[in-house]
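Colleague: Could you take me through a close look at the cavity lining, and then carry on to how the helices pack? I would like the cut-offs along the way, please.

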Amino acid sequence: MTEEKAEAGRPKLYTRMRLWEFPDQYVIEPTDGSNGSSLAVSRVDGSMSLIEKLPESSSVRVPKIRTIFGVVGVLKLVAGSYLMVITERLSVGSYLGHPIYKVSSFKVFPCDHSLRNSPAEQKKMETEFSALLNIAERTPGLYFSYEANLTLSSQRLNDLGGESKSLPLWRQAEPRFLWNNYMLENLIDNKLDPYLLPIVQGSFHHFQAAIGKDIVDVTLIARRCTRRNGTRMWRRGADPDGYVANFVETEQIMHLNGFTASFVQVRGSIPLLWDQIVDLTYKPKFEIVRLEEAPRVAERHFLDLRKKYGAVLAVDLVNTHGGEGRLSEKFANAMQHIVSDDLRYWHFDFHHICGHVHFERLSILYEQIVDFLDRNGYLLLNENGEKMKEQLGVVRTNCIDCLDRTNVTQSMIGRNMLECQLRRLGIFAAEETISSHPNLDECFKILWADHGDDVSIQYSGTPALKGDFVRCGQRTMQGMVKDGINALLRYYYNNFCDGTKQDAIDLLQGHYIVSVSKDMTAPSQKKGLEAVASFPLALSFVLTGFFFATLSLRQVRYDLRHLFFSFMWAGLSVAIAAFVRANGRIFCNRPRLHKPRS
């Protein structure tokens with residue numbers, strides 16, 4: 001069965017709909033000319049059914065109507081359910097000839113009328129849980145297609161049989177990259193295939209550039225894994241099953257003269273059980289949990305990678321000294337037990353070798369791993385879609401955050417692989433490089449810089465550091481100043497915002513499932529000292545103390561008793577500051593749904 005026939009037999013997704021807000025239900029009516037049944041969602045309990053005709057509306061209360069572009073899913077909380085839909089989309093390019101869209105805006109509609117008869121405690125819990133959905137509405141980097149399977153790489157799509165290609169997109173999707181997997185469960189149970197829209201969190205950018213008479217089209221896609229999804233400081237390392245934080249698959253695709261080449265890389269946190277709990281310090285200490293389990297957790301992680309990608313080269317970019325060095329040492333020790341012919345570990349101290357400006361020295365790393373890249377190659381399809389070459393292994397890169405150093409390194413590997421592909425197709429001569437084509441070079445740099453910023457914003461809240469090198473090919477003073485500002489913003493988000501954001505992610509991804517019988521305590525409920533700890537309040541006390549200490553000091557020349565008051569106020573400020581420093585963790589914004597491991 002050809003791909004075109006398979007796609008023709010696949011149930012089509014509705015591309016444009018009208019949402020009617022009736023007093024007792026929401027009705028989603030397809031308006032893309034498909035003449036399908038409308039979907040009715042009860043505002044009492046979120047139950048769903050297909051209807052052939054719109055309900056009669058009262059002339060007194062005309063229903064609100066809005067255009068929507070997809071159903072994200074339904075989420076059940078304590079007493080109510082919540083319908084999530086895409087209200088704005090942006091076309092960002094095409095994948096395999098099909099349009100790709102970015103979610104510009106999605107909105108949550110409550111189906112919580114049953115809450116009116118619920119106990120007060122349930123109402124309080126529902127209010128707090130539903131407030132997390134307001135944060136979820138601002139989730140960055142969501143992409144979708146009505147016709148293409150964005151969750152699978154070109155090679156995996158090419159390997160799909162005709163029968164699999166004829167399945168609905170959600171059935172084909174790779175579950176770990178399906179961002180709304182949990183939210184679609186209700187729709188799947190109700191067999192609502194035309195409404196089941198798979199969404200990926202990550203990045204999608206592309207460009208076209210001329211190389212002589214030839215036009216090269218390059219696309220860069222990131223797919224974020226949902227297994228251990230979260231924020232920078234609240235999701236570190238691996239879980240006991242080997243799933244790691246900030247795991248992202250990056251695919252670089254090139255189209256040229258009918259040929260298609262694809263190269264996949266992955267990034268992910270160091271696969272050990274470790275944390276870095278915020279405590280108001282700029283760089284909290286690393287804490288390794290259950291060190292005796294390190295080899296088993298690492299083995300599970302790499303076994304999963306080898307099943308999915310073939311041979312694996314783990315490139316570790318962290319420092320050899322300090323807290324990073326201790327973590328890297330434990331990683332290297334765990335790898336000693338599991339390295340084999342198709343699993344290699346390579347340490348490259350990025351900061352020691354490249355410093356903060358000499359990133360061109362990454363060529364040293366490339367020379368060290370080029371044999372692996374040559375041996376495991378990339379996917380290459382000819383004009384007829386026939387496989388001429390396939391990728392047999394993957395480079396897995398990590399630093400501590402798997403953001404800044406990792407993105408610089410991955411862009412270097414991607415650049416070299418694109419040059420290899422262009423030589424294979426006879427476009428580049430043996431010594432010709434991307435740098436010798438200024439327009440191509442600039443487009444490629446911007447592509448990877450935007451990619452790095454997208455991945456970084458989702459995990460840390462800010463664009464990537466060191467992005468000026470990826471974007472401009474060199475470190476700049478403006479770039480270093482920008483890095484300083486973003487580093488301070490990361491500190492603020494990590495300490496005072498990300499705990500609540502982590503709760504919202506856990507709720508959306510089904511990592512925390514709300515149950516009335518599970519516990520009847522509201523997620524915001526704090527105990528002991530944590531119940532009264534407030535950093536803004538403590539800071540105001542400290543500043544007030546120093547203010548009065550300064551005032552008293554100015555009065556000393558008139559009355560020596562003011563010297564005592566000055567010391568008293570200053571001492572009080574120092575004591576409060578010392579207390580906050582010693583108990584920093586309780587003054588930070590912490591997740592309430594899942595407690596930290598340490």
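Modeller: Lining the largest cavity are Phe144, Ser145, Ala148, Asn149, Leu150, Thr151, Leu169, Ala173, Pro198 and Val200. On a 1 Å grid over the protein atoms alone, a cavity is a set of points where a 1.4 Å probe fits but cannot get out, and lining residues have an atom within 4 Å of a point. By class, this lining has seven nonpolar, three polar and no charged residues; Ala, Val, Leu, Ile, Met, Phe, Trp, Tyr, Cys and Pro count as nonpolar, Asp, Glu, Lys and Arg as charged, and the others, Gly among them, as polar. The volume of the largest cavity is about 50 Å³, where a volume is the space filled by probe spheres set on the points, with grid points joined across faces, edges and corners. The count comes to three cavities of 30 Å³ or more.

Please keep in mind that this is a predicted model, in which local features need pLDDT of at least 70 and side-chain atom pairs count only at pLDDT 80 or more, while totals for chains, interfaces and linings use all residues. Residues are numbered from 1 along each chain as its sequence is written, and side-chain values use heavy atoms, with hydrogens and water left out.

Now to the helices, which are DSSP runs (H or I, at least four residues) numbered from the N terminus. Helix α16 (residues 535–554) packs against helix α17 (residues 561–582) at an angle of about 160 degrees, their axes 8 Å apart. Axes are lines fitted to C-alpha atoms over the stretch in contact, and angles run from 0 to 180 degrees between N-to-C directions. The pair is therefore roughly antiparallel: angles under 35 degrees count as roughly parallel, over 145 as roughly antiparallel, 65 to 115 as roughly perpendicular and the rest as oblique. Among the α16 residues that meet α17 are Phe541, Phe548 and Leu553, and the α17 side includes Trp569 and Val580; contact means heavy atoms within 4.5 Å. This contact has 16 nonpolar, five polar and no charged residues.

Helix α10 (residues 362–376) and helix α11 (residues 404–424) have axes 11 Å apart, at an angle of about 55 degrees, which makes α10 oblique to α11. Their contact divides into 10 nonpolar, two polar and no charged residues.

Lastly, the axes of α2 (residues 120–136) and α15 (residues 498–509) come within 9 Å and cross at roughly 95 degrees, so these helices are roughly perpendicular to each other. Their contact has eight nonpolar, one polar and two charged residues, with Lys501 and Asp503 of α15 among those that meet α2.

How values were computed. Helix = DSSP H or I, 4+ residues; strand = E, 2+ residues; numbered from the N terminus. 1 Å grid on protein atoms, 1.4 Å probe; cavity = no way out; pocket = protein on both sides within 12 Å on 5 of 7 lines; lining within 4 Å.
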